[in-house]
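Please read the following points with the model open beside you.

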Amino acid sequence: MRIRIAEDAEELADRAGEEFARRAQDAVLANGAFRVALAGGSTPRRLYRLLADGQGAPLVAGKIPWGRTHIYFGDERAVPPDHPDSNYRMAYEALLSKVPIPPGNVRRYCSEGEDPAIVASSYEKMLREGFQLADGETPRFDLILLGLGTDGHTASLFPGSEAIGETEKLVAAPWVEKLGARRYTLTPRVLNNAAHVMFLVSGADKAEAVKKVFEGTQGPEEVPARVVQLLQGNLLWLVDQDAAGLLSRAGE
Ligand code: 6PG
């Protein structure tokens, strides 16, 4: 579990862009495709815009094989794709509408669906088809982007959620009491099978949660981001100075 501390949100996005480009190039060289799950929320927006306009860190500009990139989502809200809260909409506006990804390569949750079990199972089917999985196999993403909530949640794995302990399903549809809302999320089985996971964390409001992840004693039930422990992969935490501010060795 590596942690890299960036000066601020801008440098965080630049470093994340370089890492994203590196993973994309390596995956296409190795397997002819780059399969990535995007994070929702607000932090990744700056990264998505940087990837879209190809500026910023030299490594990123024009270096992403969009034609061979397959986009999935780590989680989604139970809203239509054009809803202001939709993670798909945020990624579409910041990135997907601006780069030449074949439309069939973008796989969103059918989150407008009425029946959560059907929404979850249809996304699971999309994963099985997209990764050409045999029964019982787990998709291995080349890269999964994740964020961290102030309560230690990641994707839509919230404290106390049954989905944290889910070992069979690839996609869960937890009711999140504190939000009074349904969510859809990849399960730890999928997150932990990735080749690379990159957390993007920015802002002083996340400092408590970052400290709990790195220096706390609570388990994943209370701090769900701690459930992410890759079986055979690289876990990178990209955290800016503000979010790393309470770490005992921050800034050394
Ligand atoms: C979501 C995300 C969620 C997010 C964290 C951090 O759907 O909201 O998947 O896990 O990454 O809540 O969100 P911010 O980046 O907005 O702080």
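1. Strand E9 (196-201) and strand E10 (234-240) are among the elements that cover the buried residues of helix H6, where contact means heavy atoms within 4.5 Å; helices (H or I, at least four residues) and strands (E, at least two) are DSSP runs, numbered from the N terminus. In H6 (residues 207-215), the buried residues are Ala207, Ala209, Val210 and Val213. Because they cover an arc of only 160° around the axis, they lie on the same side of H6, the arc being that of the directions from the helix axis to the C-beta atoms. Buried means under 20% relative accessible area, exposed over 50%, and partly exposed in between (1.4 Å probe, protein chains only).

2. This is a predicted model, in which local features need pLDDT of at least 70 and side-chain atom pairs count only at pLDDT 80 or more, while totals for chains, interfaces and linings use all residues. Residues are numbered from 1 along each chain as its sequence is written, and side-chain values use heavy atoms, with hydrogens and water left out.

3. Twelve salt bridges are found in the whole structure, each a side-chain nitrogen of Lys or Arg within 4 Å of a carboxyl oxygen of Asp or Glu. One of them joins Arg183 and Asp75 (3.7 Å, N to O). This pair links distant parts of the chain, with Arg183 in strand E8 and Asp75 in strand E4, 108 residues apart, and both residues are buried.

4. Glu215 is partly exposed at 29% relative accessibility, as is Lys211 at 28%.
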